[in-house]
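Subject: Structure handover

Hello,

Here is the structure I said I would pass on. Please open it next to this message and read the two together.

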Amino acid sequence: MSKHPTHLSFRPRPFPVFAWPLLAVLACAALWILTLVRANAELARAEAQVRKDAGAYAEAYEQYITRSVGQMDQITMQLKFSWEQSRDPRLLDDLRRDGMFTDSAFRVVALVDRNGIVRSSTRPALLGADLSGGQYFGQHRNHISTALRVGAAPPVFGKADREGKEGDGVLFTRRLDTADDEFDGIVLMAVEARYFTSFVSPATLGVDGVVALAGSEGRLRIEQRSDGAAFADTVAPLLPLLPLRGAMWTSERGVRLAEGQDGFRDGLPRVLGWRHSTVYPLVALVGLSHSAAQAGAQAYWLDGRDRAIVASIGLLLLGMAGAVLARRGLQREREQDEVRRAYRTATESGNDGFYMAAAVRGREGDIEDFRIVDCNERGAFFYGMKREELVGASLSRIDNALFGEELLATYRKAMEAGFYEDDRKMPVDNRLNIGWGRRRLVRVGNGLAVTLQDISERKEHEVQLERLANEDSLTGLATRHAFLAAMPAALAGARTSGAGLALLFIDLDEFKHVNDSHGHATGDQLLKSAAQRLLSLLRPTDQVARFGGDEFVVLLHPCDGERQAASVAARIVEAFGVPFLFKDELHAVGASVGIAMYPRDGLDAETLVRHSDIAMYAGKNEGKGQYRFFDPAYSQNLNSRARLKQRLLEAVEADQFLLHYQPRVDARSGELLSMEALLRWRHPELGMVPPGDFIPLAEATGLIVRIGEAVIDKACAQLAAWRAAGAELVPVSINVSPKQFLRGGVQRQLSAALSRHAVPASLIEVEITESAMMGDHDDILAELAALRALGVKLHVDDFGTGYSSLSQLQRLKMDVLKVDRAFTNELARSKEGKVFFQAIVSMAHALGMSVVAEGVETEEQLDILRGLDCNEVQGFYIARPVPADEMARMMHQRFLLDLGLAAEPPTQ
């Protein structure tokens, strides 16, 4: 028997009479206290959430503003270079005809001379206007800095169909210089405020949300409400926030409640988050409605209050009923003294609890209840009572609100069968002194002899062992073993019901970096937080497990097809895109998800896990932070990749690599000026393996470092062989991979190869991609300086495909800029293609760099490049990559434009 009886007294006493009303009052008080505490907690949670959202939105808006202003920075810099080279008043007209500045957000783009007179403008009405009185003009005239200035657009730059007002536009200006660095005017560009606030809506910021952009060095201020309405005052509505300027201008970021005199002009309290731009003197501000954030908490309080009122009435009624029932006494039945003494002798000396329960029958002879006619002290102790309190109580009253009809049904079953035994977990009740009990019920006449043995310690040990085996000690999730053990039952249920299942394999993208750089304690905390975030995105019916390390699996059960699985996976990717905050430090990890659908992608747990894992790695290889469904082709690609990796290892050891060479010629004369060494792999069985198949694999496995060193040696050896054959040599450019460059040692390897083959450094050029120069700035400058000291030329390869930065090109002092084939392909397709290429050429020449156009495949492209003053060209219109002996013939020929060597483009 495993019950805690209701406390009943069978002799009228004062205490039981008043105990029920007193307990009811105490329960009501506890209920109201709990309701108030929960309401306050909900209010605090809503307050914390809106502050967190305001900070996060301010950070996102600051990043958006920085990117947008960065685009304006690039455009004004390109205009500056173009104007300073051409001084053509028709420059802006030509650019507009080519498709530039056609967006209505560009109110005015103008070029102003040193006297403040507008010489070129996208708004003809401004031509000849005198802008020398503008503060921005005086600042550029009096300061030699060419940095971009950001300020409020004055009324003269308002829309043509209405009068502009200060504060509804942004003005970007940059100084123009003469060849002697003297002041020569300014580049001016006025952009509508909506360009920076057009994304605002109630869906993004909620009702009464506000975004604002302010200049930390001037009066620039732009505001927009989420409903699209502008503030009524001509003076910006953030003016009452001036008492906060000290906090906003001295702190890079922050969140604060703005209300009352320190609030907004519309009188609505808002939680204001701000963040300074890391690049420009701008502050992004986001205000979220404080009232809207608290609306849910207020509704929670009203609902809780109503429930508490109803519950209080019920408790008081129960207290009154208990007081009435306590006045009633029940006569205890007295058993024969001989049976009582025999029972007491047998039970009081043991550690088990013993009970005698007599059946209470109705008029038809059916058992309606049982009454405890006797028990030992041990048995009463299990219930936290004394023996005299338990004896005489009916089973139905003891069982009230604990087991219901279940216990009575068990006793009836024992009366019918004559015997019943089981192990039972007791209900969670702080009055019980037993957790697990082994019950044995034996029929004796018209009653039952019940034995209750305490097995709590043994069960607790079993539960602990089971928990250690099935629950991950760090995250509290199921272990790999427990998850796989539960999968067959889930799959069987899905087969029976015809429901679908989806298995999601989740891997944290940057966890190893966090673990290595911040320690295992931070890594463990990150895994715990990741597990909690993952659980918050799923339904109670879904199963989650930590599969090992930073890998998790989720079983969506049930799952209504790919659409639902994709929706859950997208939510997981999006949620893990938000950084984790530990000890005031943000840690960005991200997640990649692979999905296998049951029964399409597998009928058993092992197959589904393997296929979801393959899908996850396929997505990670294509770019982290995304999800992929399993495709049988992924498995084939994985096997092919493994085989190719093994063959690549063998190729490095067996020296199966060779070099082909592609010439680079003068764009006008066609004279051979240089050549690029291109890696080729001749496999004894596969033949020539395309570079696109093995180069990425070499990069991923790190073998590119050894291969790159071999390329340097082969190129130097070939130059020595050509020189010995009497060829008239031209320089050879060698591609250096990002891993090879960032690892260091390229200068040492190159120096050793040049010395070993007695080749002058002037015959070697090094090509480095933009992405290879994004590491530690000091280390990059040191490595480039060491290469430059050898006497080799440095090329920026595939310019435009990475993070193209003018300031970085200025610092790195490269010799040649190789423009990616994507820009060459656009030359004859669109006017914008010519404009962008012209801008690149102008910029490179201004920095003293030669320009090489890659991927030239037609005569039309060559003619356009000549008109754009491109220095050199390389591509299949000139010649395809060729072996060393054919390259020797080209060196002898010297002028290659008439060789007719154009061919279909091979993979490079």
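Below are some notes on strands, a helix, a surface patch, cysteines and salt bridges.

This is a predicted model, in which local features need pLDDT of at least 70 and side-chain atom pairs count only at pLDDT 80 or more, while totals for chains, interfaces and linings use all residues. Residues are numbered from 1 along each chain as its sequence is written, and side-chain values use heavy atoms, with hydrogens and water left out.

Strands

Helices (H or I, at least four residues) and strands (E, at least two) are DSSP runs, numbered from the N terminus. Buried means under 20% relative accessible area, exposed means over 50%, and partly exposed lies in between (1.4 Å probe, protein chains only).

Strand 27 covers residues 764-769, and six of its six residues are buried, so the strand is largely enclosed by the rest of the structure. Ile 764, Val 766 and Ile 768 are buried on one side, and Glu 765, Glu 767 and Thr 769 are buried on the other.

Two strands pair if DSSP finds at least two bridges between them. Strand 27 pairs in the parallel sense with strand 26 (residues 732-736) over five bridges, and Val 732 stands opposite Ile 764. Strand 28 (residues 793-799) also runs parallel to strand 27, joined to it by five bridges. There, Leu 794 is the bridge partner of Val 766.

Helix 16

Helix 16 (residues 520-536) has 17 residues and reaches 24 Å from its first C-alpha to its last, close to the 24 Å expected at 1.5 Å a residue. The expected span is 1.5 Å times one less than the number of residues. Its buried residues include Leu 526, Leu 527, Arg 533 and Leu 534.

Surface patch

Trp 20, Leu 22, Leu 23 and Leu 26 form a nonpolar patch on the surface, with about 390 Å² of accessible area together. Leu 26 is found in helix 1 (residues 14-86). Patches are made of residues with over 30% relative accessible area and no salt bridge, with like charges joined within 9 Å and nonpolar side chains (Val, Leu, Ile, Met, Phe, Trp, Tyr) within 5 Å. Accessible areas come from the Shrake-Rupley method with a 1.4 Å probe, and for residues only the protein chains shown count as cover.

Cysteines

The whole structure has zero disulfides, a disulfide being a pair of cysteine sulfur atoms within 2.5 Å. Cys 375 is buried at 0% relative accessible area, and Cys 870 is buried at 5%.

Salt bridges

A salt bridge is a side-chain nitrogen of Lys or Arg within 4 Å of a carboxyl oxygen of Asp or Glu. The search of the whole structure finds 39 of them.

- Asp 113 and Arg 119 form one, with the closest N and O atoms 2.6 Å apart. Asp 113 is buried at 14%, whereas Arg 119 is partly exposed at 42%.
- Lys 818 and Glu 676 form another, with the closest N and O atoms 3.2 Å apart. This pair links distant parts of the chain, 142 residues apart: Lys 818 is in strand 29 (residues 816-819) and Glu 676 in strand 24 (residues 672-683). Both Lys 818 and Glu 676 are buried.
- Arg 889 bridges to Glu 886, the closest N and O atoms being 3.9 Å apart. Arg 889 and Glu 886 are three residues apart in helix 29 (residues 884-893), so about one helical turn separates them. Arg 889 is partly exposed at 41% relative accessibility.
- Lys 80, Glu 84, Arg 175 and Asp 177 are linked in a network of salt bridges.

Regards
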